[in-house]
Amino acid sequence: MSDTEEAANVVIRPDAPVVSGRNSSSPSPYETSPYETSPYASGNEEWQGVAAEDTDDVSAHVGAHLAKRSRQLLMSLMRPHRGLVTAMVALVLVEQASFMVGPLIVAYGIDSAVPALAAGNGFPLTLTIASYIGSGILNAAAKATFVRVIAALTQAMLLDVRGRIFDHSQELSVSFHEKYTSGRVISRMTSDLDTLQDLAAEGLDGLISGILSVVGISVVLLVLDVPLGLIALAAVIPIAFCTRWYQRVSRVIYRRTRRVIAALIVQFTETMNGFKAVISFRREARNTRIFRAVNDDYARANGDGYVALAQYSPTIRLIGNFTLTVVMVVGALRVVDGAIEVGLLAAFLLYVRRMYDPLEELAMFYNSFQSASAALEKISGLLEEQPTVAEPTAPQPIGEIAGRVAFSGVTFGYNPVALVLQHLDLEIPAGQTVALVGATGAGKSTLAKLIARFYDPASGTVTLDGVDIAQLANSDLRRGIVMVTQEAFLFSGPVADNIALGRPSATRTEIEAAADTVGVGAFIRSLPDGFDTDVHKRGSRLSAGQRQLVSFARAFLADPAVLILDEATASLDIPSERAVQDALQRVLHGRTAVIIAHRLSTVEIADRVLVMDDGRIVEDGPPKQLIAAGGQFAGVHAAWRESLA
Amino acid sequence: MSSLTTGAAASAATVPTVAPRLSTVRSLRRLVPYARPAAPAMAASMLAAGVATGCGLAFPLVIGAIIDGPITHRDTSHLIWWGALLLALGIGEAGLFFVRRIIIARPAMLVEARMRQDLYEKLQRLPVAFHDRWPAGQLLSRAISDLGTIRRFVSFAFIFLIVNIMTFAIGATLLIVLSWQLGLVVAALAIPLVLLAVIFEFKYRSLSRRAQDQVGDLATMVEESVLGIRILKAFGQSGHFSRQFLRQAGALRDTELTKARVLSWLWSAMVALPEIALGIALLMGVKQVANGDMSAGMLVAFFGVAMTLRWPVDSIGWLLAISNETAAASERFFEVMDSTEAISSPADSAVSQSASLMQAGSEQGPSGRGPASNGKAGHLAFRDVYFAFDDDPDSPVLRGLSLTLEPGETVALVGRVGSGKTTFTSLVNRLHDVTGGSIELGGVDIRNLGLAELRRRVAVAFEEPILFSASVRENVAIGLGSDPTATARYDVSRRNGTPGLDAPSDDAVTVVADGAISADDAVDAAVARAIRVAQAEFVYDLPHGLATRIGEQGLSLSGGQRQRLALARAIVSRPEVLVLDDPLSALDIHTEAAVEQALASVLADTTALVVAHRASTVLLADRVALLEDGRITTIGTHSMLMATVPAYRDLLSSSEYTGTSSTRSGGNPTGPRLEG
């Protein structure tokens with residue numbers, strides 16, 4: 001988890017209790033009024049239990065760092081679209097110019113066309129009308145083009161950042177995802193991006209037209225009349241102060257909004273993903289209360305944002321109206337003194353009025369900007385995460401993969417204090433089928449995950465054909481090594497696509513052949529749409545055993561040099577398991593395989609058995625030899641034999 | 001390869017649209033009940049906005065008066081009062097802006113929050129079949145971005161749509177009063193504007209809907225890509241998945257660009273038409289001033305007012321856009337809200353509950369067996385059960401399944417992969433409903449029991465254990481339920497001597513009033529016992545023991561560890577009926593043996609249905625039922641079936657592969673078909 005992001009949480013919630021659920025004597029959030037600050041989203045509730053995360057080391061420069069990081073992200077998103085940005089600025093210039101000549105034309109009409117017409121000269125009037133309508137149409141055209149250009153820019157940026165977050169989250173290591181939670185990634189890619197879209201679609205418009213009108217009108221005002229112009233511009237000073245205040249307040253609020261919406265999404269997705277358990281154990285009422293707490297929190301945070309804006313935006317308006325009154329009074333005196341014409345004053349007043357509308361737009365931009373930068377902080381925090389298991393920048397090429405796997409001096413632990421493997425040495429020759437046995441927690445799965453490079457060892461190396469797997473390109477690594485786990489995750493969509501995930505280039509015939517190999521083809525054909533049947537969310541259309549068979553087919557289709565099976569047959573009945581094993585025996589010919597299974601039937605196809613205990617390999621040899629030796633394996637094997645009776 | 005994304009999209013497309021497509025106004029009208037609590041605030045906000053606009057309209061009038069008065073007459077003596085009036089209007093306008101915003105801020109949030117809460121609660125009541133069918137991202141996008149759109153509509157767009165139309169009407173009237181010829185030219189604008197709005201609604205609405213659906217599809221892909229990260233990594237297919245994601249994101253971009261194109265036409269018309277009208281008005285005005293029919297101040301005032309009307313007219317374009325988006329969002333929201341809660345408590349569940357309790361209570365104690373035990377608690381009977389999935393009604397998974405479990409009896413369910421065992425177990429606590437026949441618990445059709453009561457009496461351990469992001473203790477204690485009334489009933493039934501619940505007094509479970517499971521020692525005792533039985537003592541070695549957070553937001557556990565916790569959760573409440581779906585598949589042989597031994601004590605007096613793939617699990621059961629072709633074809637003891645039923649032997653025997661097993665076992669029941 002990004003420490004800066006967590007730090008940000010602390011920055012915005014200095015009052016957030018840093019409690020560990022265990023010794024917390026703080027009252028339950030459900031007892032406090034919903035409008036009290038609920039500690040739900042930041043503090044740990046007792047029911048949530050204690051997780052090892054520290055949220056309280058903040059340094060003073062974190063805020064500056066966050067701002068810089070989000071600015072850099074925004075800039076990098078806009079940079080490739082400089083052309084569009086330029087076009088946008090040009091369009092706003094045209095739009096504003098055509099918009100601003102309006103009052104001037106009216107003034108010209110009053111000051112020149114009226115007397116001219118009275119004198120029988122109709123040309124100034126024709127000119128007035130033609131230019132008024134012309135500027136109106138130009139304005140409309142500019143606006144229409146602007147809408148398209150801004151949409152093109154916004155959508156291009158969104159597509160870019162979506163792709164970046166998606167790819168980055170895919171690159172990040174499994175260990176990162178175990179901590180960050182899917183809900184938060186989803187929140188980064190959905191609601192956080194929405195704020196960015198709001199900024200680009202509505203805010204940028206306000207920013208550019210706001211700045212341009214303010215600058216443009218200021219210049220026009222100063223040219224028209226210096227004293228009046230100075231009065232009008234003096235308003236900028238109080239506005240700057242207000243903006244500074246708003247910046248401070250809204251930044252805090254919007255950070256909270258982003259964090260709370262993430263908590264809400266986490267609760268939502270967790271409920272929907274664990275739905276069967278939720279309803280089976282009647283957790284609905286409790287869920288409802290938990291959701292209510294975070295939902296109310298979100299409403300409160302969002303409401304706070306609205307309230308802050310409700311104070312900021314009318315204040316700008318008030319300053320504008322005050323200035324307008326002063327300009328009017330002073331202007332009237334100057335007209336009476338003969339310093340300026342009436343028409344000029346009229347134009348002046350129209351301009352001043354127009355200047356404060358864009359100022360309000362600027363306020364709105366600032367609002368979207370604050371909201372989006374809070375989201376950008378979160379997004380850039382995710383993007384800043386470095387994959388701990390990264391693809392090497394200069395991968396070592398590897399040609400034809402034979403499948404020789406070796407561990408040398410490998411030490412590994414999920415946390416530094418509790419090591420799972422210590423100085424493990426292991427050599428698996430190409431083509432060997434190895435069964436890995438041992439009690440739960442002996443380190444079998446860890447060893448398998450290290451071969452598949454879900455993690456990197458703390459020290460030592462894992463090699464494939466003598467090449468450190470950390471030096472292999474991802475494509476080479478996955479071409480060489482594939483792991484099938486007990487968790488047979490299927491994606492919604494056709495069965496065929498789920499199998500084809502093993503090798504997207506596979507033809508339908510190859511897909512069906514893979515399914516037939518593991519003995520699930522007949523079943524799939526019996527589904528309503530055969531191989532095109534949608535397996536539904538997480539493959540819920542299929543049973544656990546069928547899902548495992550599909551993931552086997554997927555692995556066979558992938559056709560790797562090294563196949564790792566981690567409890568991949570646990571949900572199969574004996575005939576299916578036998579069918580898979582028959583298939584394995586054929587498929588594994590000339591392939592390296594590491595098989596973890598509690599049910600020792602697998603051992604029957606193994607060339608070699610490794611017995612693991614407490615992170616070490618305690619027995620190593622052909623199955624028959626180990627059984628004969630009468631060690632740990634022999635005992636387990638006997639027990640297993642007995643269990644089949 | 002046809003992509004998985006098309007799969008996601010296809011499944012989104014197959015999501016049934018419950019309501020026929022309503023017009024924008026009708027879709028928006030459905031929001032009224034939710035918006036009602038905010039109605040006073042909306043009305044007040046509208047009033048404030050209206051009056052503020054009035055102040056804005058008065059501005060040019062006062063300025064016109066100043067030009068025609070003090071300036072024309074070169075008399076500055078009353079100028080200060082005019083200035084004061086102007087300032088008062090300015091303060092009034094700004095103040096009302098503040099009121100307008102502040103008044104709606106909280107109520108609009110509450111509308112959104114209430115809709116979201118209702119959606120969440122509704123989703124918890126909808127059946128599993130609904131959740132299987134609806135992609136997760138579609139639900140999430142409804143709960144988050146659609147409701148955000150609705151909030152913006154309630155807090156802003158709706159108010160301004162009304163205020164701006166009224167402003168236009170008032171402004172146009174004012175202009176007519178100032179100068180009827182010029183005013184009429186501007187007022188005539190309304191006709192093309194309305195026409196435009198209608199055409200726009202027609203085009204924009206379906207685009208909004210498409211964009212929102214695509215947002216939901218994207219969210220689905222994101223969720224799947226993260227939840228399936230291990231698979232994508234294991235096969236190195238992240239890049240492939242990412243290309244599909246980008247393609248889908250590109251489709252969304254295309255829709256958004258089309259939306260922008262449609263909007264740009266509307267917008268340009270909304271801008272150009274008023275300018276043309278004003279150009280004509282200017283022509284007439286200048287002529288009138290020149291003829292002396294109108295004063296210069298009047299013309300300035302006219303244009304001041306006319307220009308104040310610009311924003312209201314301009315803005316109608318995107319206000320209509322937001323309204324259309326809101327209508328589509330409302331449609332999507334109500335699609336879920338209108339879904340039928342196919343599986344719900346019966347209307348008179350309270351009655352039937354007490355009836356069944358009486359029944360349960362009036363019978364004498366535990367484990368009474370025999371044919372006359374139909375009405376007893378723990379008696380579970382499947383009568384000619386049929387089940388077919390919604391999308392495949394013609395080939396039912398279960399076809400006339402009958403099976404009776406006597407109170408306290410353990411029956412193992414054996415069948416080939418895909419024979420419908422898991423489906424069968426999901427019927428007992430009504431995750432799905434039978435499509436034919438019935439299931440009776442204690443002599444009462446389970447559809448006549450309250451859902452909460454049924455699920456309290458029947459506990460399930462799923463094959464794929466689902467843990468929540470919560471402490472170990474909470475994850476296990478969830479099995480005790482969190483509903484105080486349910487727990488009260490639990491106490492009642494316990495006093496009445498329901499089998500399996502003859503717990504020692506220290507197991508009395510209390511639930512505090514707010515529903516959180518109390519820190520009561522009794523809960524701890526129940527949890528500790530369940531952990532002991534499930535051989536899940538490893539939890540005490542976790543960093544914070546029972547208080548360690550596990551699940552997605554906490555420590556990750558191995559498959560075997562998760563499975564044992566799920567088992568502990570199922571047995572913690574000592575339910576009347578236990579349904580265990582291959583509960584030990586991920587355990588190593590020693591642990592499995594230890595769990596089985598401990599479990600035997602629980603199963604001795606609990607009615608249990610255990611899905612089994614292995615002989616070792618089968619041995620937990622008193623009888624074994626063989627599920628073939630959607631029916632129980634054989635039932636008997638393990639040794640009897642091994643001896644007499646080849647299909648059974650084929651399924652469970654460890655002997656060498658015989659060659660017949662890879663074909664689907666035929667439809668001819670080979671053993672005597674017995675009923676309990």
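In chain A of this predicted model, residues 51-60 keep a pLDDT under 50, where pLDDT is the predictor's confidence in each residue, from 0 to 100. For this stretch the model has 15 contacts beyond four places in sequence. A contact means that the C-beta atoms of two residues, placed from the backbone, lie within 7 Å. Residues 1-44 of chain A also stay under 50. Here the model has 92 contacts beyond four places in sequence. Chain A averages a pLDDT of 80, and 89% of the residues score at least 70. Residues are numbered from 1 along each chain as its sequence is written, while chains are lettered from A and ligands numbered from 1 in the order in which they are written. In this predicted model, local features need pLDDT of at least 70, side-chain atom pairs count only at pLDDT 80 or more, and totals for chains, interfaces and linings use all residues.

The two chains touch. In chain A, 161 residues are in contact with 167 residues of chain B. Helix H11 (residues 284-336) of chain A gives the largest share of the side of chain A that touches chain B, with 32 residues. Helices (H or I, at least four residues) and strands (E, at least two) are DSSP runs, numbered from the N terminus. By class, this side of chain A has 86 nonpolar, 49 polar and 26 charged residues. Nonpolar covers Ala, Val, Leu, Ile, Met, Phe, Trp, Tyr, Cys and Pro; charged covers Asp, Glu, Lys and Arg; the others, Gly among them, count as polar.

Helix packing was examined in chain B. Helix H4 (residues 39-71) and helix H5 (residues 79-125) of chain B pack at about 165°, with their axes 8 Å apart. Axes are lines fitted to C-alpha atoms, for helices over the stretch in contact, and angles run from 0 to 180 degrees between N-to-C directions. H4(B) is therefore roughly antiparallel to H5(B). Angles over 145 degrees count as roughly antiparallel, under 35 as roughly parallel, 65 to 115 as roughly perpendicular and the rest as oblique. The crossing of H4(B) and H5(B) is left-handed: the near helix is turned anticlockwise from the far one by less than a right angle, whereas clockwise would be right-handed. The contact of H4(B) with H5(B) has 24 nonpolar, three polar and two charged residues.

Helix H9 (residues 190-227) and helix H11 (residues 238-291) of chain B cross at roughly 165°, and their axes come within 9 Å. H9(B) and H11(B) are therefore roughly antiparallel to each other. Their crossing is left-handed. Their contact has 19 nonpolar, five polar and five charged residues.

Chain B also holds an open sheet of six strands, in the order S6-S9-S10-S3-S11-S12, with mixed pairing. Strands pair if DSSP finds at least two bridges between them. Strand S6 (458-461) and strand S12 (631-636) of chain B are the edge strands, each pairing on one side only. From one strand to the next, the twist averages 20°. Strands S9 (residues 577-581) and S10 (residues 607-611) of chain B run parallel and are joined by five bridges. Leu580(B) has Val610(B) in S10(B) as its bridge partner. Helix H20 (residues 559-571) of chain B packs on the sheet and touches S6 and S9 of chain B. The direction of H20 makes about 175° with that of S6(B).

Further strands of chain B pair antiparallel. Five bridges join strand S1 (residues 380-387) to strand S4 (residues 436-441) of chain B. Leu380(B) stands opposite Leu441(B) in S4(B). S4(B) and S5(B) form a hairpin with two residues between them.
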